[in-house]
Amino acid sequence: MLTVRGLSAGYDAVDVLHAVDITARAGELTVVLGANGSGKTTMFRTISGIVRPSAGSIDFDGRQLPDLSADSIVKAGLAHCPEGRHLFAKMPVEKNLMLGGYVRRRNRGRVRELLEHVYELFPILHDKRHQPAGTLSGGQQQMAAIGRSLMSDPSLLILDEPSMGLAPLVTAQVLDAVAQINRDGIGVLLAEQNAQTALRIGHHGFVLAEGRVVLSGTASELLDHPDVREAYLGV
Amino acid sequence: MTLFIQQLFDGLALGGVYCLAAIGLTLIFGVLRIPNLAHGTLYMLGAYVTYFFLVTVGVPYVAAIGLAAVVLAVIGVLLERIVFHPLRNAPHTHHMIAAVGAMFFFQAVAQAIWGADFRRMESPISGSVTILGAQISWQRIVIVVTAVIVLGLLTWFIKRSIHGQTIEAIEQDRTGSSLVGISPSRVSMLTFGLAAALATVAAGLVAPINLLAPTMGDALSLKVFAIIILGGLGSLPGAIVGGFTLALAEVMTSTYVSAAAGEGIAFVVIVLVLAIRPTGLFARAVQR
């Protein structure tokens with residue numbers, strides 16, 4: 001369970017997030033909606049320790065994440081699959097995945113299991129395991145990035161716009177996989193432009209605007225909310 | 001023909017030494033994006049520490065190089081922790097100034113301990129063999145063989161072992177590395193330790209052929225920079241090909257043109273590479 005309270009953060013002393021409160025319950029799929037520049041990515045980067053918060057607390061299963069280094073955060077069970085994927089482009093797919101299991105490297109058996117699990121979820125990655133990650137199509141790269149995050153055996157997976165730049169059919173595939181990951185018991189915190197699809201597979205949701213939470217509720221409440229319908233569903 | 005074979009072997013031996021020294025520099029550039037101007041002084045210290053173990057302590061030659069490599073790996077890690085780590089978010093010029101400072105410091109230390117005079121390390125491996133009419137000293141054969149073995153082990157480490165792979169991971173994507181839990185600070189230490197150890201192996205191998213002096217790293221420093229510019233900054237194959245190319249060019253020019261031209265050829269090569277192919281022969285992500 002992730003509880004974010006009064007979180008402010010930004011770059012070079014200019015805050016992008018202003019006192020954000022967000023909760024992602026264990027095992028649930030929580031959706032974060034918001035236009036470009038609303039602070040979703042900054043919030044995720046702060047949670048995973050890449051950006052230091054200027055105020056507020058981030059509690060993850062009883063531990064304060066801002067006190068931990070980025071690698072301890074991964075060890076604690078929080079994986080962040082970033083916007084833009086950040087794969088190791090020149091390394092083969094399988095090496096990318098194995099490096100995803102870096103923090104679990106002492107438990108070889110578990111890493112093997114996780115790798116098999118990722119290949120079950122994304123069979124195409126098994127076919128392309130010897131190819132450099134940078135030569136894959138956009139959708140396959142996204143799958144590789146999600147797979148790499150899963151290799152750290154997380155209890156919460158942060159996915160920052162996994163469908164960005166993908167064709168509609170590929171987007172559907174990727175989001176199906178996200179729903180599957182969640183059904184397998186991994187909590188997901190998902191930022192997504194496809195509000196409708198995301199809310200359909202999600203349990204709870206938050207709407208960010210200009211670095212503040214402006215709306216929150218269950219997924220079905222948000223789906224029916226007039227503001228959400230107008231802003232994100234084009235109704 | 002005999003002369004040519006002789007020079008070819010000299011070139012290969014020198015190339016092995018250049019490679020080992022250049023790889024450390026290129027790895028540091030790949031991981032930290034800084035030109036470590038103090039690299040030549042790590043090589044110099046490596047030669048002196050090898051000398052210390054071989055002559056003063058009296059351990060066998062190969063063990064002396066191994067022990068010196070361990071000592072220098074520790075010094076490399078300390079250099080990273082004390083000098084470069086605190087500057088990790090500082091502008092680039094600060095790293096260069098710090099590296100020049102470290103360079104003077106190491107030279108002063110070597111001079112304080114061993115004096116400014118040249119020292120000679122007797123070749124522990126004597127004799128030579130005749131190959132195709134050319135007299136090849138065992139020392140040169142040992143250099144080539146050791147260089148090949150060390151390069152093989154290093155390639156295995158970087159490509160196959162999970163700790164070595166973190167070096168390439170950081171080079172290719174810093175954010176991605178952090179997010180899978182690779183600590184940039186640990187990889188920086190590993191890289192510096194490895195670079196210093198490799199420079200020491202290079203120095204220990206060549207020391208019996210050359211003389212030891214606190215300034216012996218200066219000329220090497222310029223040449224290894226030439227090599228990694230030639231090969232492409234941050235590229236491992238580039239450093240290997242560049243090392244052998246430059247060594248052979250140097251030896252052949254010294255023999256067939258003049259010794260002075262041999263010393264200068266490195267810089268002719270740099271100027272040509274920068275003019276024709278500024279990213280180096282094996283260009284990789286040099287742009288940030």
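Trainee: Taking contact to mean heavy atoms within 4.5 Å, with which residues is Thr26(B) in contact, leaving aside its neighbours within four places in sequence?

Mentor: Those residues are Ile228(B), Gly232(B), Leu233(B), Gly234(B), Ser235(B), Leu236(B) and Ala239(B). This is a predicted model, in which local features need pLDDT of at least 70 and side-chain atom pairs count only at pLDDT 80 or more, while totals for chains, interfaces and linings use all residues. Residues are numbered from 1 along each chain as its sequence is written, chains are lettered from A and ligands numbered from 1 in the order in which they are written, and side-chain values use heavy atoms, leaving out hydrogens and water.

Trainee: Where is Thr26(B) found, and is Thr26(B) buried or exposed?

Mentor: Thr26(B) is part of helix α1 of chain B; helices (H or I, at least four residues) and strands (E, at least two) are DSSP runs, numbered from the N terminus. Its relative accessibility is 0%, so Thr26(B) counts as buried. Buried means under 20% relative accessible area, exposed means over 50%, and partly exposed lies in between (1.4 Å probe, protein chains only).

Trainee: Turning to charges, how many salt bridges are found over all chains?

Mentor: The whole structure has nine, a salt bridge being a side-chain nitrogen of Lys or Arg within 4 Å of a carboxyl oxygen of Asp or Glu. One of the pairs is Arg140(B) with Asp10(B), whose closest N and O atoms are 2.8 Å apart. That pair links distant parts of the chain, as Arg140(B) is in helix α5 (residues 138–160) of chain B and Asp10(B) in helix α1 (residues 2–32), 130 residues apart.

Trainee: Why do Arg140(B) and Asp10(B) count as they do in terms of accessibility?

Mentor: Arg140(B) counts as partly exposed because its relative accessibility is 22%, whereas Asp10(B) counts as buried because its value is 18%.

Trainee: Which residue does Glu168(B) meet in a salt bridge?

Mentor: Glu168(B) meets Lys159(B), at 2.9 Å from N to O. Glu168(B) is buried at 9% relative accessible area, and Lys159(B) is partly exposed at 32%.

Trainee: And what does Glu250(B) pair with?

Mentor: Glu250(B) forms a salt bridge with Lys223(B), with 3.4 Å between the closest N and O atoms. Glu250(B) lies in helix α10 of chain B and Lys223(B) in helix α9 (residues 216–231), so the pair ties together parts 27 residues apart in sequence. Both residues are buried. In chain A, a network of salt bridges links Arg110(A), Glu113(A) and Asp153(A).

Trainee: Changing topic, what is the strand order of the open sheet in chain A?

Mentor: Its six strands run β6-β7-β8-β3-β9-β10, with mixed pairing; two strands pair if DSSP finds at least two bridges between them. At the edges stand β6 (78–81) and β10 (212–218) of chain A, each with a single partner strand, so one side of each has no neighbour in the sheet. On average, neighbouring strands are turned by 15 degrees against each other, direction ignored. Axes are lines fitted to C-alpha atoms, for helices over the stretch in contact, and angles run from 0 to 180 degrees between N-to-C directions.

Trainee: How many bridges join β6(A) to β7 of chain A?

Mentor: Four bridges join β6(A) to β7 (residues 156–160), and the two strands run parallel. Cys81(A) stands opposite Leu159(A) in β7(A).

Trainee: Which strands does helix α7 of chain A lie across?

Mentor: Helix α7 (residues 168–183) lies across β3 (29–34), β7 and β8 (187–191) of chain A, at about 150 degrees to β8(A).

Methods. Contact means heavy atoms within 4.5 Å.
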